[in-house]
Number of protein chains: 4
Amino acid sequence: MTTGVWLIGARGSVAVTSAVGAAALRAGLTEPFGSVTHLLDNPSLPAFGDLVFGGHDVVCVPLEKKVESLVAAGVMPARISHALGTEITALQDRIKPVPTAATQRETADLIAQDITKFRDEFGLDRVVVINVSSTEPVPAPHPAFDSLDALEDALSGQVLPSSALNAYAAFLAGCPFVDFTPSTGARLPALHEMALQRGLPYGGRDGKTGETLVKSVLAPMFAMRNLRVRTWAGTNLLGGGDGANLADPAANAAKAGSKQRVLAETLGYQPQGSSHIEFVDDIGDFKTAWDLITFTGFLGIGMRMEFSWHGCDSALAAPLVIDIARLTAAAHAAGRSGPLTELAFFFKDPIGDVPHALSEQWALLSRFARELADG
Amino acid sequence: MTTGVWLIGARGSVAVTSAVGAAALRAGLTEPFGSVTHLLDNPSLPAFGDLVFGGHDVVCVPLEKKVESLVAAGVMPARISHALGTEITALQDRIKPVPTAATQRETADLIAQDITKFRDEFGLDRVVVINVSSTEPVPAPHPAFDSLDALEDALSGQVLPSSALNAYAAFLAGCPFVDFTPSTGARLPALHEMALQRGLPYGGRDGKTGETLVKSVLAPMFAMRNLRVRTWAGTNLLGGGDGANLADPAANAAKAGSKQRVLAETLGYQPQGSSHIEFVDDIGDFKTAWDLITFTGFLGIGMRMEFSWHGCDSALAAPLVIDIARLTAAAHAAGRSGPLTELAFFFKDPIGDVPHALSEQWALLSRFARELADG
Amino acid sequence: MTTGVWLIGARGSVAVTSAVGAAALRAGLTEPFGSVTHLLDNPSLPAFGDLVFGGHDVVCVPLEKKVESLVAAGVMPARISHALGTEITALQDRIKPVPTAATQRETADLIAQDITKFRDEFGLDRVVVINVSSTEPVPAPHPAFDSLDALEDALSGQVLPSSALNAYAAFLAGCPFVDFTPSTGARLPALHEMALQRGLPYGGRDGKTGETLVKSVLAPMFAMRNLRVRTWAGTNLLGGGDGANLADPAANAAKAGSKQRVLAETLGYQPQGSSHIEFVDDIGDFKTAWDLITFTGFLGIGMRMEFSWHGCDSALAAPLVIDIARLTAAAHAAGRSGPLTELAFFFKDPIGDVPHALSEQWALLSRFARELADG
Amino acid sequence: MTTGVWLIGARGSVAVTSAVGAAALRAGLTEPFGSVTHLLDNPSLPAFGDLVFGGHDVVCVPLEKKVESLVAAGVMPARISHALGTEITALQDRIKPVPTAATQRETADLIAQDITKFRDEFGLDRVVVINVSSTEPVPAPHPAFDSLDALEDALSGQVLPSSALNAYAAFLAGCPFVDFTPSTGARLPALHEMALQRGLPYGGRDGKTGETLVKSVLAPMFAMRNLRVRTWAGTNLLGGGDGANLADPAANAAKAGSKQRVLAETLGYQPQGSSHIEFVDDIGDFKTAWDLITFTGFLGIGMRMEFSWHGCDSALAAPLVIDIARLTAAAHAAGRSGPLTELAFFFKDPIGDVPHALSEQWALLSRFARELADG
């Protein structure tokens with residue numbers, strides 16, 4: 001089952017680590033650490049070797065240079081980039097500049113054509129489109145978001161944020177779409193309608209790779225023990241392109257909201273404190289997050305916990321992108337359409353009325369993988 | 001359903017916090033933070049107001065003085081101890097000195113008589129015996145541990161460690177027994193045989209209150225994400241009576257072993273590093289634990305996490321003692337005998353082939369509580 | 001040498017802890033932990049028992065109630081507040097509402113009258129005025145700040161921020177003035193001129209009580225070892241009145257600037273990262289600060305350090321307020337006028353071209369105390 | 001002023017990083033981060049380019065392999081090892097196997113011959129001998145340690161620990177000796193006598209590279225602020241050869257004692273808590289230390305601080321070895337003999353009645369460097 005993975009933001013750190021990492025797995029150069037589908041593997045999922053990566057990007061930094069910078073930053077071993085020179089060159093050719101046109105309708109058509117051409121050229125059974133580009137500001141509400149008819153009319157102008165336009169184009173090309181960022185993606189009533197109409201699954205949003213991952217197991221722990229969390233305040237120091245983007249207050253707001261949701265969902269109330277994001281260029285991709293949690297126990301006694309997380313964002317995100325591609329491809333093959341709520345395990349801000357505790361998300365995901373296997 | 005809670009080590013911090021705390025709950029002086037059965041409550045469980053505390057202790061510090069020291073240490077609010085003067089005096093009368101005799105058989109008889117007298121005097125439906133005394137060294141193996149017949153013969157001498165002798169005496173008195181410490185308790189084939197013969201449930205061991213609680217959600221997180229944990233090393237600084245006792249290398253060994261088990265059980269392998277325990281008198285009951293976790297992600301990239309836990313041990317343990325008393329009483333009432341594996345949620349070193357991930361233990365416990373309710 | 005300590009913000013946590021704490025020291029109820037002048041004591045300094053506290057405040061919460069809240073928050077032991085009931089009542093009478101008038105000149109006259117009345121009523125040799133009120137926003141520049149003549153003219157309107165008006169009034173009353181906050185205080189050319197004209201010393205600013213204190217020893221450590229600091233980023237979580245005030249972006253900016261100065265001054269360059277302040281009401285006076293420092297060592301190898309500081313702000317500030325009162329009184333008695341640069345040890349943003357490394361500030365301060373003793 | 005640096009343990013991580021690092025500095029391949037003498041540089045000190053490294057080692061791992069492992073461990077950039085192939089080969093030839101003989105006297109003669117041969121072969125003005133080998137257990141007291149005569153007699157047998165025998169041999173060869181480890185080195189009355197007799201300086205001991213360095217600025221901070229430290233407890237996780245050696249309880253005891261000395265010396269009392277060392281192979285050279293400090297402030301209020309230090313031990317130690325070589329060579333050239341107390345800045349357990357606060361040690365060292373410059 002050959003499967004294309006079309007990445008929006010295909011020259012970014014997460015995208016390149018995903019694509020080169022998948023090649024490394026295929027070549028047996030690395031163990032599949034960080035890969036969740038390795039634990040859930042079954043014949044319904046395309047194999048690592050069945051994945052072909054391509055995508056769009058607005059920047060045009062040569063891929064070799066990007067790989068070099070990932071090696072220098074400690075995100076990728078030099079050994080792996082050296083061994084995969086040919087694959088990297090081939091990947092370079094499969095990344096296209098983002099098309100532009102006078103109206104969003106025309107742009108969407110051009111995007112869809114690029115995806116279709118990719119599918120045809122490589123004889124792919126299907127293509128999963130995944131957004132791994134920079135976080136957008138939250139768009140102002142617009143009536144065209146609410147129904148497909150209204151949206152179709154409005155596409156004669158500029159109405160959709162970029163992530164949503166890409167979702168539209170993916171659906172146009174008959175492809176599932178997943179948003180790995182906090183951006184809008186397919187989460188508009190109009191796009192939901194379109195996905196159902198065309199029988200396409202979609203998923204998201206905002207990959208859960210670090211601080212929120214930890215929250216999704218610690219918060220349920222406090223809940224199960226009936227310990228009352230009073231404060232949960234955190235700070236995230238990060239550099240790299242994602243960090244620079246999040247230094248923009250509008251993007252930051254989208255992200256920070258997404259990061260706190262897990263607390264209210266798993267505790268049943270919102271503790272004091274917020275999740276602060278600060279851009280520190282020197283930190284690079286090795287994000288440091290620190291959280292303070294204060295809580296009340298028996299007889300009102302106050303206690304506290306702190307944690308620091310030093311994770312390499314791209315190395316945490318990349319195997320999840322591959323996981324999502326494999327699972328979404330299998331879901332599409334199995335005829336699923338609409339929101340893939342079973343993928344909640346992967347996201348900070350999952351779609352639908354789903355559990356936010358990681359263990360329950362895991363149960364949901366494991367069952368989903370088994371069902372795909374059982375056909 | 002009036003229920004006696006007979007505590008071994010009844011003048012210790014955990015015991016006194018449990019007994020006074022239950023009185024505070026009954027009197028509506030405090031919210032039930034830290035109480036797990038508050039979340040799982042159902043009519044099969046004795047109410048907080050149905051519990052009567054008593055017990056044995058080798059020390060004879062006046063209870064008022066012990067309560068004062070707990071208030072001074074910040075474990076109990078002055079407000080609560082002031083309001084409960086009468087209850088504290090009454091409790092004082094229900095704590096007896098540990099009886100001694102020439103043989104362990106005679107000692108066991110005297111212990112059982114004290115428990116029976118307690119049950120009769122207060123007209124209790126049943127009594128649950130819980131060990132919250134100091135951790136013992138691991139005993140050397142002895143053939144008398146292996147069958148009840150052999151044990152009965154050997155009781156003409158001194159063969160059982162104190163915790164096991166108390167379990168024996170509890171069974172003699174027709175009472176369930178639970179070990180909240182890492183000591184031997186009822187976990188000997190001979191005592192298992194005795195429990196089954198007499199139709200009594202038992203449980204344990206080593207209450208999971210701090211660092212190990214956190215491990216039991218973090219380790220599954222790493223496992224579910226297929227992140228390879230390389231090192232998990234921790235240090236526990238604690239004072240108080242428990243700290244002084246654990247400064248003894250033999251007791252320390254019993255405890256430290258218990259603390260690492262969760263890693264191998266949930267990860268499927270044993271990472272490097274150990275769990276160090278150090279007695280620091282000044283720290284008192286507000287234990288500080290610090291753990292370092294290093295792990296390998298995608299493409300072999302190394303990452304790390306640290307956490308500090310500042311918990312008040314007695315305030316964390318006491319509501320669990322009450323929870324265990326309520327659940328064990330209900331299990332006894334429902335006719336359960338043998339090991340209560342469903343209580344794994346409460347223990348570092350649970351009995352039986354049970355899950356060690358907290359969320360799975362929670363599922364087991366919730367189902368158990370529902371089954372008790374459904375009769 | 002009886003000495004008045006007139007506090008701006010006299011009902012705030014720092015003020016009340018200072019005043020009640022000085023009474024506790026006088027009464028021998030507590031050891032002088034946190035008191036720097038205890039280490040430097042000499043006959044030139046007024047004794048703890050020679051200090052009389054009074055002041056102004058815009059709020060009128062009864063002092064008994066404020067003391068109660070400090071006890072509840074763990075800032076002051078109940079034992080001490082109980083023993084000092086009479087002193088607290090007496091202190092209550094020495095705190096006056098802030099006078100208001102049509103022009104700042106008239107307001108200043110009324111403030112000065114209150115201070116003079118306080119000096120006369122208690123037969124004080126001198127009064128030191130110290131600002132411990134909420135942090136103000138940084139004022140816009142104004143030509144009246146630059147010379148005393150211009151300022152005198154402008155006082156027919158509203159030109160000075162409150163802290164500076166208080167400094168003006170203190171000088172009018174013939175009293176030294178010190179700013180313990182990041183506000184403007186006496187640091188305007190016009191007020192400097194006035195202090196010199198009247199032979200009065202002044203000092204400040206922004207008491208160094210927690211994170212910056214630690215920075216003032218760690219940054220020199222990196223400098224002395226020639227380790228290149230790349231990032232120094234921190235977050236401060238605090239509640240209480242000060243926290244709420246600093247949640248205001250303008251006040252926050254004043255504070256955050258003050259907190260980073262020590263790095264550039266001791267390292268010789270400004271590392272990346274900033275010092276973030278977040279208001280979390282639940283945290284109260286027990287501020288938690290966390291800092292991450294990344295640095296480069298031999299052969300360009302990157303390393304890192306983190307620290308968490310859990311300090312009780314009022315308990316850290318109060319003894320310094322007493323120290324500053326004692327030292328400033330002695331300096332005034334010795335005829336010093338103008339900026340007291342030797343007090344740099346106490347401040348985040350000290351006056352003058354002074355060292356910022358704590359050990360050098362200590363040397364300066366110790367010499368100053370010796371000189372005062374030698375007359 | 002060509003200067004030999006003869007290292008005991010010359011194939012260890014610290015030694016190789018020092019020698020290759022000095023070559024990198026000479027070649028202009030790296031900035032002198034971590035080098036203290038770079039800050040204190042003056043013509044009395046041999047230049048980086050004047051240093052020639054050699055030494056003894058009991059192991060015979062090829063140097064190229066050792067360098068490779070340092071690169072793999074992240075201690076040395078690949079770029080530097082690649083550029084210095086020739087220098088590494090040359091260094092390899094200057095490292096000799098440790099000679100052995102029937103008596104310690106004969107062994108000492110052979111060691112001294114190797115050093116003399118090194119000095120002659122490379123036409124060196126002088127050679128400084130520095131011990132960077134594994135930590136020894138503390139030796140039992142012996143009467144031969146107390147006078148040179150007694151020692152000379154006893155050398156017909158085996159009386160000295162290896163580090164002291166090397167000091168003896170260094171003195172025999174007319175060379176200064178410095179111990180960078182916690183071992184005995186020259187710190188025996190007999191060897192002190194010998195150094196004075198021969199007009200040779202010596203120094204040590206136990207390089208201050210991480211946790212103790214931080215202690216040496218934080219403990220004085222608490223002292224200067226009159227904050228009473230109650231607990232100072234720490235844990236050190238480290239791998240590598242040094243870690244494996246310190247897992248031996250005897251060596252561990254030598255080290256842990258050395259690590260706590262700074263507290264009593266700078267605070268004036270010994271707080272509770274100890275400094276724990278644990279070997280974790282996976283951690284390698286990037287040692288992680290964590291310390292908890294609890295302290296009492298004004299009115300008896302308890303507070304706390306924690307820090308984590310993630311330092312690369314060899315990268316921290318190596319530039320100090322170079323610093324010590326430069327300074328000791330200049331001291332020898334200036335005719336200094338006996339203990340070099342001015343080098344206290346570099347050591348956990350410095351010789352003589354010297355300050356332990358880093359800033360005072362810095363003042364001492366800076367003055368020393370100036371005096372050497374002034375001749």
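**Where the chains meet**

I began with the contact between the two chains, and I found 48 residues of chain A in contact with 48 residues of chain B, where contact means that two C-beta atoms, placed from the backbone, lie within 7 Å. I kept in mind that this is a predicted model, in which local features need pLDDT of at least 70 and side-chain atom pairs count only at pLDDT 80 or more, while totals for chains, interfaces and linings use all residues. I also noted that residues are numbered from 1 along each chain as its sequence is written, and that chains are lettered from A and ligands numbered from 1 in the order in which they are written.

I then looked up which elements give two or more residues to the side of chain A that touches chain B, and they include helix 1 (13–26), helix 13 (313–333) and strand 10 of chain A; helices (H or I, at least four residues) and strands (E, at least two) are DSSP runs, numbered from the N terminus. Strand 10 of chain A gives the largest share of that side, ten residues. By class I read 31 nonpolar, 13 polar and four charged residues there, with Ala, Val, Leu, Ile, Met, Phe, Trp, Tyr, Cys and Pro counted as nonpolar, Asp, Glu, Lys and Arg as charged, and the others, Gly among them, as polar.

**Strands across and within**

I followed strand 10 of chain A over to strand 10 (residues 302–312) of chain B, and the two pair antiparallel over seven bridges, pairing being called when DSSP finds at least two bridges between strands. In this pairing A:Trp309 has B:Met305 as its bridge partner.

Strand 9 (residues 286–296) of chain A has ten of its eleven residues buried, that is, with 20 or more other C-beta atoms within 10 Å of their own, C-beta atoms being placed from the backbone. Nine bridges join strand 9 of chain A to strand 7 (residues 228–238) of chain A in the antiparallel sense, and A:Gly234 stands opposite A:Asp291.

Just after helix 8 of chain B, B:Gly174 takes a positive phi of about 75 degrees.

Definitions and conventions
A residue is buried if 20 or more other C-beta atoms lie within 10 Å of its own, exposed if 12 or fewer, and partly exposed in between; C-beta atoms are placed from the backbone.
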